[in-house]
Amino acid sequence: HNHNNNNHNNHNNNNNNYSRNTNSLFVKRLVGLPGDTDIQMQSQTNEVSINNQPAIGPDRTLCDDEPLRLIDKLLQDKGKGMHVDLLRDDETYVLGDCKDVSVDSRVFGVLPKKNIVGRPLA
């Protein structure tokens, strides 16, 4: 009987504002908000600009480069966030702090607001 209760609880959790269908949670820096325009990734540097200004955040070059350069392959083949005209009301753009290895909005594109499960830190 206890097993059925667990299934019922899991079903209820899936009705929350965000989806937890996978165990994948990751920490990213929120750099693009609804209404931001002209998001561009420079292919030579992998740097991102938003509203014709560099994306705000820390120095993203502090992490060691990954020797196989797998991020370049991901960006070349699947870079869904290399150019975004406008972030709609339910969309955000996120970056990881290590641009040479981070799988972020440059690769997977915009992140729906409903998928954000954390709170911003100052």
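Is D72 buried, exposed or partly exposed? D72 is partly exposed, with a relative accessible area of 30%. Here buried means under 20% relative accessible area, exposed means over 50%, and partly exposed lies in between (1.4 Å probe, protein chains only).

## Ground rules

This is a predicted model, in which local features need pLDDT of at least 70 and side-chain atom pairs count only at pLDDT 80 or more, while totals for chains, interfaces and linings use all residues. Residues are numbered from 1 along each chain as its sequence is written, and side-chain values use heavy atoms, with hydrogens and water left out.

D72 sits in helix α2, residues 70-78. Helices (H or I, at least four residues) and strands (E, at least two) are DSSP runs, numbered from the N terminus. In sequence, D72 and N46 are 26 residues apart. In space, their C-alpha atoms are 8.8 Å apart.

The backbone oxygen of N46 lies 3.4 Å from a polar atom of the R106 side chain. R106 belongs to helix α3, residues 105-108. R106 is buried, with a relative accessible area of 0%. The side chain of R106 also makes a polar contact with the side chain of D104, at 2.8 Å. A polar contact is a pair of N or O atoms within 3.5 Å; within protein, one must be able to donate a hydrogen and the other to accept it, and residues adjacent in sequence count only if both atoms are side-chain atoms.

## The buried strand β6

Strand β6 covers residues 91-95. Five of its five residues are buried, so β6 is largely enclosed by the rest of the structure. In a regular strand the side chains alternate between the two faces of the sheet. E91, Y93 and L95 point one way from β6. T92 and V94 point the other way.

Which strands pair with β6? Strand β1 (residues 29-32) pairs with β6 in the antiparallel sense, over three bridges. In this pairing, R29 stands opposite L95. Strand β7 also runs antiparallel to β6, joined by two bridges. The bridge partner of T92 in β7 is L111. Two strands pair if DSSP finds at least two bridges between them.

## The four-strand sheet

Four strands form an open sheet in the order β4-β3-β2-β5, with antiparallel pairing. β4 and β5 (83-86) stand at the edges, each with a single partner strand, so one side of each is left without a neighbour in the sheet. Two bridges join β2 to β3. Q40 has S49 as its bridge partner in β3.

Two residues here have positive phi without being glycine. D38 lies in strand β2, residues 37-41, and its phi is about 50 degrees. D38 is partly exposed, at 23% relative accessible area. N52 lies in the loop between β3 (48-50) and β4 (53-54), and its phi is near 60 degrees. At 59% relative accessibility, N52 counts as exposed.

## A nonpolar surface patch

L30, L33 and I116 form a nonpolar patch on the surface. Together they have about 240 Å² of accessible area. Accessible areas come from the Shrake-Rupley method with a 1.4 Å probe; for residues, only the protein chains shown count as cover. Patches are made of residues with over 30% relative accessible area and no salt bridge, joining like charges within 9 Å and nonpolar side chains (Val, Leu, Ile, Met, Phe, Trp, Tyr) within 5 Å. A salt bridge is a side-chain nitrogen of Lys or Arg within 4 Å of a carboxyl oxygen of Asp or Glu.

I116 lies in the segment after β7 (111-112). I116 is partly exposed, with a relative accessible area of 33%.
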